[in-house]
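Open the model in your viewer and keep the sequence panel beside it. This tour goes from one selection to the next.

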Amino acid sequence: MPGWLKIGTAAVSILLVGVLAFGAYWVIRLQGNISKASLGAGSDKTEGALDDSRDRMQILILGSDTRDGKNAKYGTSDDATGYGHSDVMMLMDISADNKRVSVVSFPRDLLVDTPECTEQESKKEFPAQENVMINEAMSEAGIGCAVDTVNKLTGLEVDHFMMADFNAVKELSNTVGGVEVCISDAVYDPDSKLRLPQGTSTVQGEQALAFLRTRHAFADGGDLGRIKAQQGFLSSLTRKMKDDGTMSNPGKMLEIADVVTRNLTIDEGLASIPTLLTVGNRLKNIDVGKVAFVAVPTVPAVSDPNRLQVAEPAASQLFAAMRKDIDLTDPTAPPSPSASPDPSASPSPEPTPSETAPAYDKALQPVTVANGSGVPARAQEIIQALTAGGFTQLGQLAAQPVAATAVYYGAGYEAVAADVAALLGVPATQVLPAAGVVGVQVYLGSDLVGGTPGGDAAVQLPSDIVNQTAGDVVCQQANPALITR
């Protein structure tokens with residue numbers, strides 16, 4: 001089966017910025033169009049209730065490749081029925097102060113470990129899987145399983161999701177009068193039917209869908225080139241709607257809102273008029289230069305060179321920056337202050353590093369990292385922090401999931417354990433002796449305690465982590481194999 005048949009659409013990304021950001025109030029008249037689904041697939045929520053008007057918010061944006069209904073022309077029902085595959089997956093992260101947005105793309109070919117998931121309507125349970133493509137997470141257990149998988153991978157806790165299918169991007173691109181895209185050379189992709197001349201073109205309808213779905217037309221013909229093209233399309237649409245004054249045209253916004261709601265599935269917490277209004281108001285005034293588009297760093301997978309795996313240490317650095325609410329366009333800027341702090345919360349006591357040099361050589365102390373956090377990249381992140389702190393005799397191992405991070409130590413290693421805990425920010429109450437441990441063992445839990453040395457110090461990030469902002473006009477590089485003359 002050709003690869004393009006399994007490719008979804010970035011329509012839901014466009015819907016979010018193109019409608020919620022510039023006219024969500026019209027959804028009031030269209031509430032009945034919206035379909036709803038459960039946010040999770042059985043995972044426990046650890047964060048408190050979200051204030052949608054004031055708190056930092058993460059929305060998982062999904063494009064389904066289902067062939068049901070209006071999408072039947074893009075393949076048979078055997079290609080993708082029911083939930084389909086989430087072949088477009090982007091995490092939109094809105095800062096608490098509403099001054100910036102990060103949109104992080106996850107390649108469909110990325111190999112990940114999925115958690116145990118329960119389909120919320122049938123209550124059928126699906127076992128955890130290892131080393132499977134991320135776009136398979138929702139195909140059986142539903143959208144909530146895709147959400148839980150992203151939570152597991154990043155260590156974040158997604159607040160909402162939005163999902164649309166093929167038809168949405170066609171209708172929306174027609175409604176706005178087309179979207180400008182740029183390509184370095186004339187190209188034709190026989191699979192997606194995308195045909196474009198060199199330079200700038202306006203695409204809409206089937207051609208807009210082909211631009212977003214093509215698997216082969218850009219860069220080296222892989223998924224990363226497709227992601228950059230989708231991000232460029234979304235950036236162009238954002239600029240167009242702001243420049244054309246669409247947000248101040250009630251008739252146009254009502255037309256767009258109708259398109260959106262007829263092709264949209266959202267979680268139950270987002271499917272309310274007040275929430276949609278609130279999110280729309282938060283997004284509409286953000287500077288396009290502070291809307292950052294990022295792709296999870298990847299390399300060809302060891303197990304299958306036709307698939308991808310997260311690239312370390314870059315992926316761990318990205319996820320750590322996201323957990324710390326770092327501005328990806330300016331990592332040196334302080335995190336946004338929380339708009340709704342919990343006054344009842346008090347920090348756990350933490351060990352204090354010795355003011356004098358330790359009476360041992362850090363480079364000779366055996367320290368093992370046992371990853372029971374449920375976040376695969378977490379161990380690498382902690383190892384980086386330990387290495388930066390001077391501990392170099394390090395090992396790591398898989399571990400059973402646990403809730404709380406702890407530092408265990410064997411006989412004679414109490415001082416080393418205290419310094420390791422201080423370096424990682426692990427509370428003194430969670431530094432414990434253990435007869436079976438040789439040296440020191442950092443057992444990571446799902447609380448995600450521990451991090452980079454210095455706690456709130458600037459997080460290291462690759463210099464090219466941001467592909468572009470919504471303010472950048474980017475011309476996509478054509479795949480040399482598909483260039484036409």
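Select isoleucine 183 and look across to glycine 199 in strand E13, which stands opposite. Isoleucine 183 belongs to strand E10, residues 179-183. E10 pairs with E13 (residues 199-203) in the antiparallel sense, over five bridges. Strands here are DSSP runs of E with at least two residues, helices are runs of H or I with at least four, and both are numbered from the N terminus. Two strands count as paired if DSSP finds at least two bridges between them. Four of the five residues of E10 are buried. Buried means under 20% relative accessible area, exposed means over 50%, and partly exposed lies in between (1.4 Å probe, protein chains only).

This is a predicted model: local features need pLDDT of at least 70, side-chain atom pairs count only at pLDDT 80 or more, and totals for chains, interfaces and linings use all residues. Residues are numbered from 1 along each chain as its sequence is written, and side-chain values use heavy atoms, with hydrogens and water left out.

**Colour by confidence**

pLDDT is the predictor's confidence in each residue, from 0 to 100. Its mean over the protein is 80, and 79% of the residues reach 70 or more. Now select residues 1-27, where pLDDT is below 50. In the model, this stretch has 116 contacts beyond near neighbours in sequence. A contact means heavy atoms within 4.5 Å. Next, select residues 67-77: pLDDT stays under 50 there too, and the model has 29 contacts for them beyond four places in sequence.

**Zoom out**

The protein has 11 helices and 23 strands. Of its 485 residues, 54% are buried. Among contacts with a separation of 6 or more, 77% join residues 24 or more positions apart.

**The cores**

Select Val101, Leu196, Phe211 and Phe233. They have the most contacts inside the largest nonpolar core, which has 50 residues. A nonpolar core is a set of buried Ala, Val, Leu, Ile, Met, Phe, Trp, Tyr and Cys residues joined through side-chain atoms within 4.5 Å. Which residues does phenylalanine 211 contact, leaving aside neighbours within four places in sequence? They are Val181, Leu194, Leu196, Phe218, Ala229, Phe233 and Gln476. Another core, of 34 residues, lies apart from the largest one; Ala37, Val147, Leu318 and Ile465 are among its members.

**Strand E4**

Go to residues 101-105. E4 runs parallel to strand E15 (residues 291-295), joined by five bridges. Valine 101 stands opposite valine 291.

Select threonine 114, in strand E5 (residues 111-114). Its relative accessible area is 4%, so threonine 114 counts as buried. Beyond four places in sequence, threonine 114 touches Ala128, Gln129, Val132, Ala137, Thr149 and Lys152.

Move on to glutamate 119, in the loop between strands E6 (117-118) and E7 (125-126). Is glutamate 119 buried or exposed? Buried, at 7% relative accessibility. Show its side chain: a polar atom there lies 3.1 Å from the backbone nitrogen of glutamate 121. The backbone nitrogen of serine 122 lies 2.6 Å from a polar atom of the glutamate 119 side chain.

**Helix H9**

Select residues 314-323. Nine of the 10 residues of H9 are buried, among them Leu318, Phe319 and Met322. Just after H9, aspartate 325 takes a positive phi of about 60°.

**The five-stranded sheet**

Finish at the open sheet ordered E19-E18-E22-E20-E21, with mixed pairing. Its edge strands are E19 (394-398) and E21 (431-433), each pairing on one side only. Strand E20 (residues 406-409) runs parallel to E21, with three bridges. Valine 407 stands opposite valine 431. Helix H11 (residues 414-424) packs on the sheet and touches E18, E20, E21 and E22.

Terms used: Axes are lines fitted to C-alpha atoms, for helices over the stretch in contact, and angles run from 0 to 180 degrees between N-to-C directions. A polar contact is a pair of N or O atoms within 3.5 Å; within protein, one must be able to donate a hydrogen and the other to accept it, and residues adjacent in sequence count only if both atoms are side-chain atoms.
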